[in-house]
Amino acid sequence: MPSPEFLVLEEQVNARRPGAAEEMMRLADDGDADALFKVSELSLRGMAGAVDLEAAFKFMSSAAAAGHPEAQRGEAYFTAAGIGTKGNEKKARQMLQRLA
């Protein structure tokens, strides 16, 4: 369940309030799984600076390790497609099999 702080920040980020992305990044730095997942999206889309695929993968992996279900699938997709990491379809399949 997302924290109240995350929900407020997500709304602000989606509304593109100045400074909201940076605040979301601080929440991610504190280990909030939902914030880590959101910051991965921000990095992927360049919504918190330049597009940074390696950072997007790093945040997605951190969110997955924290147990975020969407991030676990996202990490497998990034791994298969080589987004921010070397592509590895075999590893991605193994990741998805562990989730099944």
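Q: Which residues of α3 are buried in this predicted model?
A: The model is a predicted one. Buried means a relative accessible area under 20%. In helix α3, the residues that count as buried are A33, D34, A35, L36, K38, V39, S40, L42 and S43.

Q: Which helices do the buried residues of α3 pack against?
A: Contact here means heavy atoms within 4.5 Å. For the buried residues of α3, the partners are α1, α2, α4 (53-65) and α5 (69-81).

Q: What span does helix α3 reach from its first C-alpha to its last?
A: Helix α3 covers residues 33-45, which is 13 residues. At 1.5 Å a residue, a span of 18 Å is expected. The span in the model is close to that, at 19 Å.

Q: Is α3 roughly parallel or antiparallel to α4?
A: The two helices pack at an angle of about 165 degrees, and their axes are 8 Å apart. Angles over 145 degrees count as roughly antiparallel. Therefore α3 is, relative to α4, roughly antiparallel.

Q: Which residues of α4 make the contact with α3?
A: From α3, the contact draws on A33, L36, F37, V39, S40, S43 and L44. On the side of α4, the residues are L53, A55, A56, F59, M60, S62 and A63.

Q: How many residues of the contact of α3 with α4 are nonpolar?
A: The residues of this contact divide by type, with no charged ones. Three are polar. The nonpolar residues number eleven.

Q: Is α1 roughly parallel or antiparallel to α2?
A: Helix α1 (residues 4-14) and helix α2 (residues 20-29) pack with their axes 9 Å apart. The angle is about 150 degrees, and the cut-off for roughly antiparallel is over 145. So α1 is, relative to α2, roughly antiparallel.

Q: Which residues of α2 does α1 meet?
A: The contact residues in α1 are E5, F6, L9, E10, Q12 and V13. Those they meet in α2 are A20, A21, E23, M24 and L27.

Q: How many residues of the contact of α1 with α2 are charged?
A: Seven residues of this contact are nonpolar and one is polar. The charged residues number three.

Q: How far apart in space are K91 and S40?
A: K91 lies in helix α6 (residues 89-99), and S40 is one of the buried residues of α3. In sequence the two are 51 residues apart. In space, C-alpha to C-alpha, the distance is 20 Å.

Methods
Residues numbered from 1 in each chain as written. Predicted model: local features only at pLDDT ≥ 70, side-chain atom pairs only at ≥ 80, totals over all residues. Heavy atoms only, no water. Axes fitted to C-alpha atoms, helices over the stretch in contact; angles between N-to-C directions. Helix = DSSP H or I, 4+ residues; strand = E, 2+ residues; numbered from the N terminus. Parallel < 35°, antiparallel > 145°, perpendicular 65-115°, else oblique. Nonpolar A, V, L, I, M, F, W, Y, C, P; charged D, E, K, R; others polar. Expected span 1.5 Å × (residues − 1). Buried < 20%, exposed > 50% of the residue type's maximum accessible area, 1.4 Å probe, protein only.
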